[in-house]
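The stops below go through a few selections in turn.

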Amino acid sequence: MRHGVILKTLAVLALAVLLGLGTFADSALPSLFWNDEGWYKDGIAPLIVREGKHYVPADLFSMLESISVTAPQQDNLLLTNTATGAYVSILFSEGTAAVNGEITDKIGVFRDGTVYYLEAEAVAEALSVRMEIVTADGSQMLRLTDGREQLSMNELIAQYTEQNGGGVSLSPDWLDANHRVKGKRLRILCVSPEPDSEISVMRRLYDFGIECTVFLRYDASEPDVLFASACGAYGVMPAEEGLPIEKVDAQFSPLTHRRATLALSAGDDAEDDKLRAAGYLPVKPDFVVTGQTDPAVFIEEAAYAMREASELTVLLTDTPDGWDAAQLLRDLVWESDGWVAVNLGR
């Protein structure tokens with residue numbers, strides 16, 4: 001069988017390649033933070049400094065509860081402080097913006113691939129968001145806050161950099177003293193199973209004790225919704241059965257007491273822009289394991305990708321191949337020195 005001896009042998013070989021690269025760093029210090037959290041996409045959309053100005057991904061602002069980021073039309077982003085009504089409307093093709101009704105060309109903007117970058121200080125000031133910049137380990141770091149932060153910037157950075165002094169720790173070795181994840185992050189995504197499904201990657205990951213992020217289908221059962229919420233951040237699937245994504249999300253709120261901020265990427269820039277317009281952050285995995293994926297080949301490719309990456313995002317579908325890949329990823333994480341499987345909210 002494909003998940004027998006041959007698969008296991010190839011997985012061990014992939015592990016050997018990965019582990020032969022040396023010891024990973026104990027912690028990764030992000031360049032961007034929001035309130036008391038590190039920016040989860042820092043590895044692919046970090047802080048950028050140009051001519052002394054600090055630029056951040058537009059989606060970083062959307063992590064703040066009071067800030068809405070939408071795309072009313074192509075090449076246009078609208079950022080709104082839902083508490084005060086202050087807004088910034090940016091037209092990327094012209095490099096101009098309307099700030100609370102006044103047109104200006106003094107807000108720097110650019111697009112890096114599919115990521116929209118905004119001049120942080122100007123936008124933060126317009127939206128009454130506090131911005132902090134500090135330098136540590138020779139690098140600059142920026143944080144956006146909306147009054148919900150609990151830690152000072154120095155305390156927040158210390159959580160990523162402090163080392164145990166040899167004393168007794170009650171935390172697992174993949175958490176620091178403040179229960180923050182150390183090391184490199186493997187983010188495993190799965191979808192809530194269809195009713196009466198015989199294969200559920202979500203439940204398999206639960207059996208393994210592996211953290212994941214669940215994206216809820218429109219027909220997700222109450223136990224699956226509660227499980228997804230208990231994992232931390234959860235997402236919703238793009239429109240199914242003719243239901244807009246907002247309605248799919250709204251039906252889960254009575255159980256989770258919150259709305260989702262994540263949506264599984266549709267794999268198309270135009271469709272992802274629609275998700276942003278609806279107020280959701282599209283999540284595009286680095287790897288997708290489907291029914292046409294050879295798990296042994298996938299795990300080799302994933303191991304090689306992990307040589308250089310500080311984080312990796314993998315979507316496992318409810319297929320026999322996704323089922324096998326879940327176990328191979330579990331083995332990969334358990335045997336590696338530095339990688340931890342975490343929820344997208346960490």
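Select Trp34 first: Leu144 of strand β13 stands opposite Trp34. The model being viewed is a predicted one. Now colour β13 (residues 139-145) by burial: five of its seven residues are buried, leaving the strand mostly covered.

Next, display β3, β4, β11 and β10. In that order these four strands make up an open sheet with antiparallel pairing. The edges are β3 (48-50) and β10 (109-112), each of which has a single partner strand, so one side of each lacks a neighbour in the sheet. From one strand to the next, the twist averages 30°. Zoom in on β3 and strand β4 (residues 53-57), where three bridges hold an antiparallel pairing. Here Val49 stands opposite His54 of β4.

Move on to helix α11, residues 320-335. Its 16 residues span 23 Å from first C-alpha to last, close to the 22 Å expected at 1.5 Å a residue. Buried residues in α11 include Asp321, Asp324, Arg330 and Asp331, along with Leu328, Leu329, Leu332 and Val333.

Finally, zoom out to the whole protein chain, which has 11 helices and 21 strands. Of its 346 residues, 51% count as buried. Show the surface: the chain exposes about 16400 Å², with carbon and sulfur atoms supplying 49% of that area. Among contacts with a separation of 6 or more, 60% come from residues 24 or more positions apart.

Notes:
Residues numbered from 1 in each chain as written. Predicted model: local features only at pLDDT ≥ 70, side-chain atom pairs only at ≥ 80, totals over all residues. Heavy atoms only, no water. Buried < 20%, exposed > 50% of the residue type's maximum accessible area, 1.4 Å probe, protein only. Helix = DSSP H or I, 4+ residues; strand = E, 2+ residues; numbered from the N terminus. Pairing = 2+ DSSP bridges. Contact = heavy atoms within 4.5 Å. Areas by Shrake-Rupley, 256 points an atom, 1.4 Å probe, with all protein chains shown as cover. Expected span 1.5 Å × (residues − 1). Axes fitted to C-alpha atoms, helices over the stretch in contact; angles between N-to-C directions.
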